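Colleague: Before I use this structure in my own calculations, I would like to go through its labels with you and hear what each one rests on. Could we start with a loop?

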Amino acid sequence: MAPSIKIKNRTIGKEFKPLVIAEIGINHEGDFLKAKKMIDDVHQSGAECVKFQYHITEEEMIKNDVVPGNTSESIWEIISRCSLTEEEEFKLKKYVDELDMIYLSTPFSREAADKLAEMNVPAFKIGSGECNNYPLIRHIASFGKPIILSTGMNDIDSISKSVQIFEDQEIPYALLHTTSVYPTPYDKIRLGALVSLQEKFPNAVIGLSDHSLGIYTCLASVALGSSILEKHFTSDRSWQGPDISLSITPTELRELITGSEAIFQSLGGSKTILPEEKPTIDFAYSSVVTINDIKKGDSITSENIWVKRPGTGEIPASDFSKVLGKKALVDIKKDVQLKLDMIESW
């Protein structure tokens with residue numbers, strides 16, 4: 001049986017439709033009302049899960065002037081501006097619960113993880129930057145909740161150490177393939193890594209946290225076994241925000257949900273004939289028919305029979321060659337579907 005994890009009442013794994021995570025992250029720019037508006041739009045789009053980032057700036061970093069590649073501000077300035085208060089974080093969690101959605105948040109410090117534990121989050125999401133932050137991973141795992149781990153900027157060796165922590169503590173877990181380039185060019189997505197993760201970590205649920213433009217790569221990943229699809233989300237791409245340019249809109253989110261479920265339903269099976277194809281078979285197949293009158297005792301040849309629709313005759317086109325050379329047992333008119341009792345048996 002394929003591995004699975006359960007978050008609230010939602011079971012996630014290959015045997016279930018993909019879970020789409022709409023990551024608001026810090027696209028709210030520290031504006032509580034904007035964050036709440038995005039929750040509403042995620043909910044109206046039909047998504048089951050919304051994700052935030054829980055930042056306590058001074059606990060997760062020292063003051064610095066390091067500038068991420070997709071902005072002109074330092075990471076300290078961005079996080080300081082975009083952080084919500086503890087009260088606001090708790091209110092957002094409560095609001096998501098009231099909408100009967102799954103609330104997830106990524107902690108970037110031990111203190112943030114503790115706050116999320118106080119909120120009684122159903123699971124933890126760990127970002128790629130913390131994939132090899134083993135002290136923090138051990139701390140988060142100590143809460144005993146399911147964990148979804150993004151694996152950008154990490155290889156199999158560093159991921160293995162995190163997985164060992166999960167398995168040692170018997171934590172249900174999922175691994176998300178990620179490319180930490182914002183936005184990610186399509187030729188850097190490397191969907192083949194999903195297969196690598198499945199082969200190396202057979203106990204893991206596998207998914208994709210995608211930073212490319214649009215929803216194409218997420219949809220493609222479903223065919224390769226993704227059970228979780230995570231995309232940055234914004235209500236309006238004209239808004240300001242660090243991840244707005246690579247975020248999907250409500251319309252795209254709806255398309256991602258619909259498309260991923262359709263692809264999921266289409267997976268599996270083998271090349272067989274379905275009972276549901278029978279009505280089409282009746283008109284689309286061909287049967288052996290006479291193309292000239294045939295007298296009793298005449299030989300059946302390609303001059304007096306051929307194959308034509310519909311496929312409702314007793315002798316299908318696939319048996320055409322078996323009929324050739326047989327004697328007619330009765331007179332047969334032109335344009336008649338040949339029957340077994342009209343000719344010698346074979």
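Modeller: Pro183 lies in the loop that runs between β8 and α8, where helices (H or I, at least four residues) and strands (E, at least two) are DSSP runs numbered from the N terminus. This is a predicted model, in which local features need pLDDT of at least 70 and side-chain atom pairs count only at pLDDT 80 or more, whereas totals for chains, interfaces and linings use all residues. Residues are numbered from 1 along each chain as its sequence is written, and side-chain values use heavy atoms, with hydrogens and water left out.

Colleague: What is the omega of the peptide bond from Tyr182 to Pro183, and what is it for the bond from Arg309 to Pro310?

Modeller: Omega is near -10° for the bond from Tyr182 to Pro183, which is cis, and near 0° for the bond from Arg309 to Pro310, also cis. Pro310 sits in the loop between β12 (305-308) and α12 (320-323). Most peptide bonds are trans, and most residues other than glycine have a negative phi.

Colleague: Which phi does Glu29 have, and which does Asp335 have?

Modeller: Glu29, in the loop between β3 (19-25) and α1 (32-44), has a positive phi of about 60° although it is not a glycine. Asp335, in the segment after α12, has a positive phi of about 65° and is not a glycine either.

Colleague: Why is Asp335 called exposed, and what makes Ser150 count as buried?

Modeller: Buried means under 20% relative accessible area, exposed over 50% and partly exposed in between, with a 1.4 Å probe and protein chains only. Asp335 has a relative accessible area of 53%, so it is exposed, while Ser150, at 2% relative accessibility, counts as buried. Ser150 belongs to strand β7 (residues 147-150), and, leaving aside neighbours within four places in sequence, Ser150 is in contact (heavy atoms within 4.5 Å) with residues including Lys125, Cys131, Leu176, Ser209 and Glu230.

Colleague: How do you know that the buried residues of α5 are on the same side of the helix?

Modeller: The buried residues of helix α5 (residues 110-119) are Ala112, Ala113, Leu116 and Met119. They cover an arc of only 110° around the axis, so they are on the same side of α5; the arc is that of the directions from the helix axis to the C-beta atoms. Arg110 and Glu118 are exposed on the other side of α5, and the cover over its buried residues includes β4 (49-54), α4 (86-98) and β5 (102-107).

Colleague: Which residues of helix α8 are buried, and what do they pack against?

Modeller: In helix α8 (residues 192-200), Ala193, Leu194, Leu197 and Gln198 are buried. Their arc around the axis is only 145°, which puts them on the same side of α8. These buried residues pack against α7 (156-168), β8 (173-178), β9 (205-210) and α9 (216-223).

Colleague: Why is the protein chain called more spread out than a compact globule?

Modeller: The protein chain contains 12 helices and 12 strands. Its radius of gyration is 30 Å, well over the 20 Å that the globule rule gives for 346 residues, so the protein chain is more spread out than a compact globule. The radius is taken over C-alpha atoms, and the rule is 2.2 Å times the number of residues to the power 0.38. The C-alpha atoms fill a box of roughly 100 × 45 × 40 Å along the principal axes, and 47% of the 346 residues count as buried.
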